[in-house]
Amino acid sequence: MSDRRRLRIISACAALCVALGAGAVSAQKFAGLAATPPLGWNSWNHFGCNVSEETLKSAADQIVSNGMKAAGYQYVVVDDCWQGSRDKDGNIGADPKRFPNGMKAVADYVHSKGLKFGIYSDAGWKTCGGRPASRGYEFQDALTYARWGVDYLKYDWCNTEGLNAEGAYQTMRDALFAAKRPIVFSVCEWGTAKPWLWGKDVGHLWRTAGDVHDCFDCVVDHGTWKSWGVLQILDMQEGLRAHAGPDHWNDPDMLEVGNGMSTAEDRAHFSLWAMLAAPLIAGNDLSRMRPATREILTNSEVIAVDQDRLGVQGFRAYKLGNVDVWAKALSAGGVAVTFLNRGTTTASMRYNWGTHRIEDLASKTDFDFAKKTYQVRNLWTHRALGSTKTDLLLNIGAHDVVMLKLNP
Ligand code: GAL
């Protein structure tokens with residue numbers, strides 16, 4: 001073989017290696033965007049398809065003025081139905097009636113408030129609301145979102161017949177990475193293809209269940225699909241916590257706090273989602289929020305449990321009749337303990353810490369209260385409750401919680 005020919009072969013091979021290498025580089029998510037579970041607000045649970053520029057701007061205003069921003073809420077996310085049609089080149093545009101100034105104007109407004117902007121699309125041909133989705137347009141849509149200044153993408157799973165979930169979400173992950181703007185990727189596949197098994201390298205959070213419904217203990221049958229109450233979704237989380245951690249969270253769906261449940265139920269819902277290290281994405285009408293709802297959504301001690309940097313999802317340690325005892329190991333050797341009354345009448349009990357050791361296999365911590373004493377603090381009354389040396393006297397209202405933090 002002539003030297004020239006050999007050189008040509010070597011350089012062709014080098015070009016191929018660079019191309020393959022570039023491929024490997026793009027096959028990743030933007031790491032580090034969700035060291036703790038995302039906190040934000042999304043339009044769907046209250047507004048459904050009825051969204052507009054005004055809805056989003058007003059939500060951003062409220063998050064700043066009602067203390068949610070100070071409490072850590074960051075993302076303002078428009079869900080389904082913002083889309084209009086694609087132009088002749090295939091570029092997606094906003095619904096001109098609802099968003100007359102386009103989505104970049106909304107993103108700019110949200111950014112001007114010191115918040116981040118999230119958007120919604122779907123891996124199929126159409127979104128669940130029948131709008132144009134991203135199938136076949138993934139790289140083009142990702143570039144559009146990057147140009148608009150999007151910081152978060154919720155990517156749904158309607159109208160995806162014949163598609164492989166892991167592959168479809170990988171395609172969008174790669175498209176986002178290629179568009180070069182760090183965008184949190186929220187996998188909304190409802191848990192059907194077990195995204196907890198492959199989601200870590202694909203997104204920052206993934207839905208583990210179907211849609212939440214605004215009720216504490218119910219199942220709503222819509223014919224071809226069902227939506228679920230807080231308790232139903234809670235029970236579906238069993239066995240999933242080993243898959244979650246910093247930058248890759250199980251998502252039991254967004255919050256229904258302030259959308260119609262009782263204050264006790266809202267408090268329990270919020271506490272349990274914090275115990276699950278779940279993304280806390282509010283979904284109520286912030287312009288008409290009752291003080292009790294605001295108090296729940298901005299309880300910084302409960303939010304701190306959710307956001308604890310150890311990033312270990314909590315678990316049900318005991319089931320005592322109608323009362324679940326949930327535990328979540330925290331950094332600095334502490335543990336959050338939440339007593340949930342699943343029943344519809346008040347539950348009263350005397351709880352002895354010493355006989356209820358909590359062994360957390362995920363964080364490899366053993367809370368043996370017979371051997372070590374912890375100081376107890378109630379995260380809803382914001383009061384100290386003595387130590388684990390004395391029995392706890394509990395009166396937990398129907399569908400309510402007592403949420404505690406134990407410090408060594
Ligand atoms: C569902 C999704 C909901 C909401 C809705 C919009 O599939 O789980 O959270 O996004 O679609 O149509």
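A polar contact, as I use the term here, is a pair of N or O atoms within 3.5 Å; within protein, one must be able to donate a hydrogen and the other to accept it, and residues adjacent in sequence count only if both atoms are side-chain atoms.

**Ground rules.** This is a predicted model, where local features need pLDDT of at least 70, side-chain atom pairs count only at pLDDT 80 or more, and totals for chains, interfaces and linings use all residues. Numbering runs from 1 along each chain as its sequence is written, and side-chain values use heavy atoms, with hydrogens and water left out.

Entry 1: Aspartate 80 puts a polar side-chain atom 2.8 Å from a ligand oxygen. For lysine 154, a side-chain N or O atom is 2.7 Å from an oxygen of the ligand. Aspartate 156 also has a polar side-chain atom 2.7 Å from a ligand oxygen. I then checked the cover: the ligand alone exposes 310 Å², and the protein buries 95% of that (Shrake-Rupley areas, 1.4 Å probe; for residues, only the protein chains shown count as cover).

**Entry 2: the shell.** Which residues surround the ligand? I counted a residue as near if one of its heavy atoms lies within 4 Å. My list reads Trp44, Asp79, Asp80, Tyr120, Cys128, Lys154, Asp156, Cys188, Trp190, Arg207, Asp211 and Met254. By class I get six nonpolar, six charged and no polar residues (Ala, Val, Leu, Ile, Met, Phe, Trp, Tyr, Cys and Pro are nonpolar; Asp, Glu, Lys and Arg are charged; the others, Gly among them, are polar).

**Entry 3: the largest pocket.** A pocket is an open set of points on a 1 Å grid over the protein atoms alone, where a 1.4 Å probe fits, with protein on both sides within 12 Å along at least five of seven lines; lining residues have an atom within 4 Å of a point. The ligand sits in the largest one, meaning more than half of its atoms lie within 2 Å of the grid points. I noted a volume of about 540 Å³ for the largest pocket (space filled by probe spheres set on the points, which are joined across faces, edges and corners). It has 28 lining residues, with Cys128, Trp190, Arg207, Asp211 and Trp225 closest to the centre. Helix H2 (44-47), strand E6 (152-156) and strand E10 (226-228) each give two or more residues to this lining (DSSP runs, helices at least four residues, strands at least two, numbered from the N terminus). E10 has the largest share, three residues. The lining splits into 11 nonpolar, seven polar and 10 charged residues.

**Entry 4: the second pocket.** The second largest pocket comes to about 150 Å³.
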